[in-house]
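Visitor: I would like to go through this structure term by term. Please set each value against its cut-off.

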Amino acid sequence: MTQTLNKNLYTAFGHSIHSEIPLPEAQHMTSQDHPADIVVRYANLTEKWSTCAIPSRSFFCTEDLVMFRVPDLAIFAVENGTTISFSPEGNAEEDKLRLYVLGTCMGVILMQRKILPLHGSAIVINEKAYGFVGHSGHGKSTLASAFLQQGYPLVTDDIIAVTLDHHHVPYVTPAYPQQKLWQESLDVFGMNSNQFRPLFDRETKYAIPVESHFASATLPLAGIFELIKTDCEQVSIRAIEKLERLPLLYRHTYRKSLLQDSGLTKWHFDMTARISSSVAIHQLLRPSNQPTVQQLTDLVLDTIGE
């Protein structure tokens with residue numbers, strides 16, 4: 001192991017990560033001797049990409065390998081659930097490389113390890129995890145932040161990693177002690193953006209550390225709430241019936257377009273079927289242009305009997 005790797009030891013999603021670039025969003029590991037579950041490294045992927053790439057597609061995918069290129073940034077390769085390689089292009093900035101390493105690449109790693117990645121945030125209530133899923137901009141992180149403001153710890157933001165124990169009970173493993181919030185969300189909570197780091201080339205979205213309100217243990221997944229912005233006049237909630245649950249979990253699977261080429265379609269169906277039979281799932285409807293986060297928070301707490 002190189003000296004560079006020894007300086008960058010982290011843990012996320014229950015796995016140890018040795019990285020050749022700093023990953024300040026992740027939690028540092030205290031032990032220097034822990035073997036790496038996942039390695040993040042530089043590599044020359046140019047020739048491999050030119051051999052594998054299909055001109056009309058930005059991704060190349062097999063059961064053991066996912067490759068993709070972000071123009072003027074890097075080529076990325078994720079292999080066997082253990083290795084994230086990247087080949088920077090030009091003057092690639094480390095901040096932007098990390099967005100893809102910790103986002104898309106880590107989502108692929110989870111899939112390759114047969115851990116279900118849902119696109120959303122999760123918080124802790126009564127020692128159980130509750131997930132908020134939804135399309136981008138529908139308020140997942142904002143709702144999770146509202147719970148943080150009330151003292152409920154964060155489990156994950158952006159990717160919810162779900163596993164099943166030997167009794168097929170779903171569990172969520174903590175990710176990174178950080179949220180990503182838009183300026184509008186900061187305004188809702190009276191937070192000054194000057195104290196936070198803007199994400200690369202997203203000047204109005206910020207990295208919000210939550211070290212002091214971050215869950216440290218794997219927790220049973222007790223409920224999932226799908227957030228939907230509509231033209232309604234007030235917030236409402238409805239229970240999702242069993243026939244609707246599988247499509248909902250598929251809809252909010254992170255990087256679901258890779259499932260078929262990765263040979264994971266059957267695994268995904270089996271996994272989501274077990275989750276849908278053991279977890280309460282609700283849909284939260286909220287008006288498009290009204291500040292309703294406090295009402296949504298109260299509605300969630302009332303629904304789960306808190």
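Visitor: What in helix 4 meets helix 8?
Guide: Thr-142, Leu-143, Ala-146 and Phe-147 in helix 4 meet Val-293, Leu-296, Thr-297, Val-300 and Leu-301 in helix 8. Contact means heavy atoms within 4.5 Å. Helices (H or I, at least four residues) and strands (E, at least two) are DSSP runs, numbered from the N terminus.
Guide: This is a predicted model, where local features need pLDDT of at least 70, side-chain atom pairs count only at pLDDT 80 or more, and totals for chains, interfaces and linings use all residues. Residues are numbered from 1 along each chain as its sequence is written, and side-chain values use heavy atoms, with hydrogens and water left out.

Visitor: What makes helix 4 roughly perpendicular to helix 8?
Guide: The axes of helix 4 (residues 140-149) and helix 8 (residues 293-303) cross at roughly 70 degrees and come within 10 Å. Helix 4 is therefore roughly perpendicular to helix 8. Angles of 65 to 115 degrees count as roughly perpendicular, under 35 as roughly parallel, over 145 as roughly antiparallel, and the rest as oblique. Axes are lines fitted to C-alpha atoms, for helices over the stretch in contact, and angles run from 0 to 180 degrees between N-to-C directions.

Visitor: Why are helix 6 and helix 7 called oblique to each other?
Guide: Helix 6 (residues 242-251) and helix 7 (residues 265-278) pack at about 120 degrees, with axes 9 Å apart. That angle falls in the remaining class, so the pair is oblique. Residues that meet include Leu-246 and Tyr-250 in helix 6, and Phe-269 and Ile-275 in helix 7.

Visitor: Why is Phe-13 called buried?
Guide: Its relative accessible area is 4%. Buried means under 20%, exposed over 50%, partly exposed in between (1.4 Å probe, protein chains only). So Phe-13 is buried.

Visitor: Where is Phe-13, and what does Phe-13 touch?
Guide: Phe-13 lies in the loop between strand 1 (9-12) and strand 2 (15-19). Not counting residues up to four places away in sequence, Phe-13 touches Met-106, Leu-110 and Ile-159, among others. Phe-13 and Ile-159 are 146 residues apart in sequence, yet 9.6 Å apart in space, C-alpha to C-alpha.

Visitor: Are Cys-61 and Cys-105 buried or exposed?
Guide: Cys-61 has a relative accessible area of 13%, so Cys-61 is buried. Cys-105 is at 0%, so Cys-105 is buried too.
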